[in-house]
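Thanks for coming, everyone. Please take a look at the sequence and the structure on the screen, and then we will walk through them together.

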Amino acid sequence: MFLHKLAQSKSGVFIFVLSGFIIGAVASPLLKIGRANLNQLIIVLILLTVAVVVVWPKKEWRLLSLGALFLFLSFLRFAMTEPPLAPSNLIFYHDRWVAVEGIISDEPTFDNKQKIILNVVKLKVITSDDETRSVSGTAILYLDHYPEYQYGDLLKLNCNLAKPLDSAEGEQKFSYPAYLARQGVWSVCLNARIKEVESGHGNWIYGKILAFKNVLVDGVNKILPEPQSSFLGGLLYGARQSIPADLKLAFSRTGTAHIIAVSGYNITIVAAAILAILQGLSVPRKRAFWASIVLIVVFVMLTGASASVVRAGLMGIIVLWARHLGRLSQVGRVLIFTAFLMLLFNPRLIFFDAGFQLSFASTLGILYLSPILENYSRRWPKIFGFKESLLTTLSAILATAPLIAYSFGSFSLVAPVVNLLILPAIPYTMALGFGAMILGLLYFPLGQVWGSV
């Protein structure tokens with residue numbers, strides 16, 4: 001009966017089929033699907049395709065066969081993300097001392113070490129007489145803080161190429177190889193010795209975006225003293241490396257570390273809050289919607305437009321669209337389709353990327369819990385969008401609390417209260433900080449005056 005009703009609904013078929021793909025992305029690592037399973041998966045997919053054709057006249061069986069087809073398509077897509085063990089791929093040369101040539105494919109990050117993602121294009125095994133080979137693959141390097149390298153630098157170096165080691169006992173929830181694999185990184189370059197550096201080999205547009213971001217970072221550091229500049233940097237563009245260790249520890253203990261990370265969790269809250277604030281200031285609904293969209297796009301560009309930030313921005317736009325449209329059923333389908341597209345591009349996100357999980361959990365909370373909370377708070381006064389901002393924050397907290405407790409193994413008892421006190425003020429803080437940053441670019445003394453306020 002249920003399948004019959006579902007088969008009669010076009011939206012039901014759409015959700016059922018795409019959910020099959022999403023479930024497959026979750027199940028693949030649990031079933032240990034890998035490239036070794038490719039032949040079996042291809043055979044099963046051929047049989048399922050034939051089954052779809054045969055049972056097409058029967059709607060219920062058509063629905064089940066389509067769901068199974070997309071489930072195994074997900075298995076196949078997951079298996080294909082594992083690189084083949086071939087001479088043309090970097091993983092073929094693990095446990096060897098090699099000379100490699102590659103381009104830094106993203107902005108380096110800094111913590112205890114300078115972390116660099118290197119897209120390798122050429123390799124030579126130093127201990128043999130083999131000639132230089134053209135290879136594909138991505139490796140991670142951990143270097144000293146100085147000299148600093150930039151996106152687009154072409155590095156020529158010698159290193160010991162190795163497979164990433166798994167986490168130590170007692171940390172089973174975190175797998176270092178899986179963490180790197182969801183970024184497409186399957187190799188580590190150990191004891192790297194840089195021989196030569198050439199700049200300007202990356203994407204020109206992305207390079208300019210990052211260069212402009214660095215100008216903004218320098219401006220904020222000049223306008224505000226520490227630790228205020230580092231805190232604002234964490235809010236606006238996710239730069240957390242300069243934040244003092246004691247402040248980081250305080251954020252962690254109170255369950256508020258997410259506010260200094262550019263994530264979908266943050267942007268969904270901020271996006272909904274901005275829309276509420278603009279409407280609270282009597283800005284027409286349509287103008288408030290488009291102004292919020294523009295602000296998110298500008299924010300994504302200013303923070304460097306990395307894949308995670310673009311994904312976060314997309315989540316924020318979905319929340320805004322839902323608030324503007326007011327039709328949760330239609331927005332729910334868009335959210336499932338968005339998850340499907342992201343997992344089609346990278347099926348490892350859903351199981352190994354906490355940011356992806358929190359983004360969707362917080363978005364679901366804002367979309368479906370927020371209206372329920374609004375029914376219980378109808379008599380609360382509406383002052384400059386503060387009520388809406390508070391309800392948005394509470395919805396996101398309720399939706400993500402179980403996931404945070406599971407993923408990080410602990411949950412601060414004061415976290416909900418602290419988040420409720422802090423998060424409604426974050427959009428205002430970001431707006432004031434963003435204003436100081438832009439004014440500092442236009443006229444530095446004006447930026448200093450604004451920043452001091």
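This is a predicted model: local features need pLDDT of at least 70, side-chain atom pairs count only at pLDDT 80 or more; totals for chains, interfaces and linings use all residues.

**A walk through the model**

Let's start with one residue. Ala79 lies in helix α4.

Now look at what surrounds it. Setting aside neighbours within four places in sequence, Ala79 is in contact with Ile33, Gly34, Arg35, Leu38 and Leu41. Asn37 is worth a look too. Ala79 and Asn37 are 42 residues apart in sequence, yet 7.2 Å apart in space, C-alpha to C-alpha.

Stay in this region for a moment. Thr81 is found in the loop between α4, residues 59-80, and β1, residues 96-104. A polar atom of the Thr81 side chain lies 2.5 Å from the backbone oxygen of Phe78. Leaving out residues up to four places away in sequence, Thr81 touches Trp186, Pro347 and Arg348.

Next, helix α3. It runs over residues 38-54, which makes 17 residues.

Which residues of α3 are buried? They are Leu38, Leu41, Leu45, Leu48 and Val52. These cover an arc of only 85° around the axis, so they sit on the same side of α3. The face of α3 turned away from the buried side carries exposed residues, namely Asn39, Ile43, Ile46, Leu47, Val53 and Val54.

On to helix α6, residues 204-223. At 1.5 Å a residue, its 20 residues should span 28 Å. The end C-alpha atoms are 29 Å apart, which agrees. The buried residues here are Tyr206, Ile209, Leu210, Lys213, Leu216, Val217, Val220 and Ile223. Seen down the axis, they fall within an arc of 140°, so they line one face of α6. Trp204 and Lys222 are exposed, on the face turned away from that buried side. Check the start of α6 as well. There, a side-chain oxygen of Asn203 reaches to within 3.1 Å of the backbone nitrogen of Ile205.

Now the cores. How many residues does the largest nonpolar core have? It has 24, and those with the most contacts inside it are Ile296, Leu320 and Met430. The elements giving two or more residues to this core are α6, α7 (228-237), α9 (264-280), α10 (285-302), α11 (307-325) and α17 (426-442). The most comes from α10, with six residues. Apart from this core lies another, of 20 residues, including Val100, Leu123, Val135 and Cys189.

Keep Cys189 in mind. What does Cys189 form with Cys159? The two form a disulfide, with their sulfur atoms 2.2 Å apart. Cys159 lies in strand β6 and Cys189 in strand β7, residues 187-198, so the pair ties together parts that are 30 residues apart in sequence. A disulfide is a covalent bond between the sulfur atoms of two cysteines. Both Cys159 and Cys189 are buried. The count for the model comes to one disulfide.

While we are in this strand, look at Asn158. It lies in β6, which covers residues 154-162. Asn158 is buried, with a relative accessible area of 15%. Leaving aside neighbours within four places in sequence, Asn158 is in contact with Trp97, Val98, Ala99, Ile126, Asn191, Ala192, Arg193 and Lys195.

Last topic: the backbone. Most residues other than glycine have a negative phi, and most peptide bonds are trans. Let's see some exceptions. A cis peptide bond joins Tyr146 and Pro147, with omega about 0°. Pro147 lies in the loop between β5, residues 138-143, and β6.

Then there is Lys32. Its phi is positive, near 60°, and it is not a glycine. Lys32 sits in the loop between α2, residues 10-30, and α3. Lys32 is exposed, with a relative accessible area of 70%.

Asp95 also has a positive phi, about 65°, although it is not a glycine. Asp95 is found in the loop between α4 and β1. Its relative accessible area is 66%, so Asp95 is exposed.

That's my tour. Over to you.

Notes. Residues are numbered from 1 along each chain as its sequence is written. Side-chain values use heavy atoms; hydrogens and water are left out. Helices (H or I, at least four residues) and strands (E, at least two) are DSSP runs, numbered from the N terminus. Buried means under 20% relative accessible area, exposed over 50%, partly exposed in between (1.4 Å probe, protein chains only). Contact means heavy atoms within 4.5 Å. The expected span of a helix is 1.5 Å times one less than its number of residues. The arc is that of the directions from the helix axis to the C-beta atoms. A polar contact is a pair of N or O atoms within 3.5 Å; within protein, one must be able to donate a hydrogen and the other to accept it, and residues adjacent in sequence count only if both atoms are side-chain atoms. A nonpolar core is a set of buried Ala, Val, Leu, Ile, Met, Phe, Trp, Tyr and Cys residues joined through side-chain atoms within 4.5 Å. A disulfide is a pair of cysteine sulfur atoms within 2.5 Å.
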